[in-house]
Structures are given as C-alpha cells and as structure tokens.
Amino acid sequence: QELFLKRELHGWKLKNDRVAQHMSILEMSYDFVASERHLPASNGSEETRRALNTMKNMRATVNRLMRSNLELQQRLHCESKQKAVYLEKLWKLQKSLEHGNKQRRDGDEESGVAEARQKERHMNQVYPQYVPISGERYTEVETDFLTFLTACNGHFPFQFLNEVNEQQQLACLTLLAKEFVTYRNRTHTVTLLFSYLHTMRSMKDIGEACKFIQSCICSTLQCDRASYWIVDDRRNIAWTMIPTGSAPAPGSAAVMKDVVISLKQGLVGEAVRSMRPLNIEDAYKNPNFNRKVDDETGFRTKSILCVPIMKRGRVLAVLQCMNKNAADSTLFTELDTFLLYVVGYAMADVVQQCRTAEVHERLVTRKNSLISCAAELFNACHTVDRLTETMTFHLKELFKVKSCALFIRHGETALMCMADETERELLYRVS
C-alpha cells in the first residue's frame, strides 16, 4: 500500500508539473499576442476580430487550466496527508505486534500507552480528527468520513464513500446532513445575536438596555426568562431592572423597577462566589435555589444557567436564564454558555456607557440649575420669601427630594424658612 501511494503521488506530481509548464507557455503566448505591436493595423477588419477571438479563447483556456491545476494541488495535498496517516497506522501496528507481548510480560504497559498517545497526538496534528457537534455518538467510519471531507476541503467525497459498503454510505451521509443542519442553526443564532448586540451598542439608558437584552436572550437561547444582574461588591448585593407589568401610556416606554437580591444566598450569589458558570437541570434539587419567588408568582423554575461576567478578577455581573425550551433537551448547552459570555461582556460595556451618559447628563443638569439659580438670586430675590422659594425650588431639582428648608442665621438666632409655609418660625437659639 505504501508503494502504491508513492506511485500515485509521483504520478500526480508529474501531471501537476506538466500542467504548470503548459500554463506558463500559454500565459507567455497570451502576453505576446495581446501586445499592441502584434495586433493588426487595420482596425475593425476581419483579421482584428479573429485575433481578439483568439485572445479570448486563450484567456478562457488559461483560466480553465488554472482551476484544474488548483484542484490537482488540493488533491495532492490530501493524498500527502493520507499517506502520512497510513504510515502512522502501519507504524503503530508494527510496534504493537513486535512489542505488545513483551510489554505485557515486562510490565511496561504504561510506557507503551504513553508512546502510543504521543504518536496519536502526532497523527492528530497531521490529520486532525473531526468532532461531531450534533450531540450524538457515531461510529468511527462516520467520523472518519467527516475528517476526510475536512482535510480535502469537501472536493472528493466519493473517493471515501466508494471504499465502504452501502449501509456505511447511508450512515455517513446521514451524519453529514445532521452536521449541516446544526451548523446552519448555529450560524443563524450567532448572526441574530450579533444584530441584537449592534442595536444595543447605541443605548444610553440602563433600564432600556436590561429590558432589551432580556428579550434578546429569551428569543436567542429559547428560554422562558432571563436576567442581567449587576453586582455591587460594596453592599454585597446584585440588582437588575424588570418591567412592572403595568400597561404604559401610549407613546411612552415601559415602566421599569429595580429588583435587589443578596449575594449571601441564591444561585446568583453562588455564581459570584465560585466565579464559574452554573448549569443546573433541576433547580428544586439544588439547596441554594430560593423557591420564594416561585411560591409567590406560581412560576415553575426547572433548568437554570448562571454565567458570571468577570474583569480583572472581579465579577461585574451575572447572566441568568431559566427553563430551556429545546425539543431534544431541557438542559442548557455549551453553546448557550458561550453565547451568554458574548452577550454578558457586550452588556458590561453598554452598562458602563449608560453610567457615563447618566453622570454626564446629571452634571449638565446641575450646571444649568446652578446657573439659573444664581441668575434669579442676583436679579429677582429682594425679599426673604422670594429667596426661600427660589432656593427650595432649585434644591429640589438638584437633589431630587420632596422637601427642603432654608436656615438663616442672624446673630444668636436662626430662622427656618419653608417654601410651603406662609410664616417664618424661630427654630433654635445659637449659644
């Protein structure tokens, strides 16, 4: 078999060299004919048209030969890989026949296994083994078929199928169809998710971003609920924003409310402490799960996936998904975990962006309010009542409070002035 492979490789190399030589000759001939000094002088004549047609035919021939040469190179590369695999297999069989019994007698089985594993790693580097992603177990022939397709870039599938029986051919094609559908679904999911992330990058409000990302995760990962918990290390809590459930006014956004949980208990807290993802098939069997929310709302939590989002050794947030709705399994997959990591790190940048925009907006509002307050104080405040009204109004706007008071000290007394009251009252005497 090794001699047969050598003859085949030698024949392919000779044919490849001949095609390359013919192609170079044609290219030089085409350049010679295409030069202006060799074209007929009479424009539009029959000789000119024949020359142009000849040039077009030569170009088509050169392109066809280039494609044929590329296919030959790919097939030669594939045959070279096959030769390396066959040689490795022959070497392993020879070594196992020569030293198998001796290794068992001498107790060197561990060294033989280590040597075989080393050779197997070398084979995988030469010819990587394909790992199916459809989630089922397959025979060695089926995986070898996909490995062969990967090595030859899908150009020569029947070269492998012609060497197996009809039942194995059917199994190989069935596996190929399943892998194609799985890859197609994954590509669609990733494309949809990145379109969501592109939309989310322009958001400036944390409540709007939380609502949007929860909806995106539920539709992408096919789950019932999703939450993005922002971790506060200083207070040892995590918080998020969810819709209140009440119908918003026409033309206005949904009303969001804050939800705060403690990190000392619950699955979110466990994900923060362990700094690793938690994939739980039945939440009620986990002692860290808190059933209080299910008892109050009537919602039945089954499977849960919690993924911590970390930066510089610190957990910034936790993404939580509940109840996988897949047809084949209710447990979240490794792809779901990977997608949550992608969403989580993108959402962390959006949260930072929203906080920066919120701080900037607050600073602008305070600056404008202080400028307006200073202008009114200098231009329109001629009485204590007017001073009290102006100060309390702007203080409420600055600090977002319901009421405030102005204390005026004169000598040893202090007056408390309230904008909602009609008289000033002596509050205390300064010692």
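## A hairpin, its neighbours and a covered helix

Strands β1 and β2 form a hairpin with four residues between them, and Asn236 in that turn has a positive phi of about 60 degrees. Helices (H or I, at least four residues) and strands (E, at least two) here are DSSP runs, numbered from the N terminus.

Keep in mind that this is a predicted model: local features need pLDDT of at least 70, side-chain atom pairs count only at pLDDT 80 or more, and totals for chains, interfaces and linings use all residues. Residues are numbered from 1 along each chain as its sequence is written, and side-chain values use heavy atoms, with hydrogens and water left out.

Two strands count as paired if DSSP finds at least two bridges between them.

| Partner of β1 | Sense | Bridges | Example |
|---|---|---|---|
| β6 (residues 314-324) | antiparallel | seven bridges | Ser227 with Gln320 |

Buried means under 20% relative accessible area, exposed is over 50%, and partly exposed lies in between (1.4 Å probe, protein chains only).

Helix α8 (residues 266-274) is mostly covered too, with seven of its nine residues buried. Among them are Gly266, Leu267 and Val268. The buried residues of α8 pack against β1, β2, β3 (256-262), β4 (278-280), β5 (304-311) and β6, where contact means heavy atoms within 4.5 Å.
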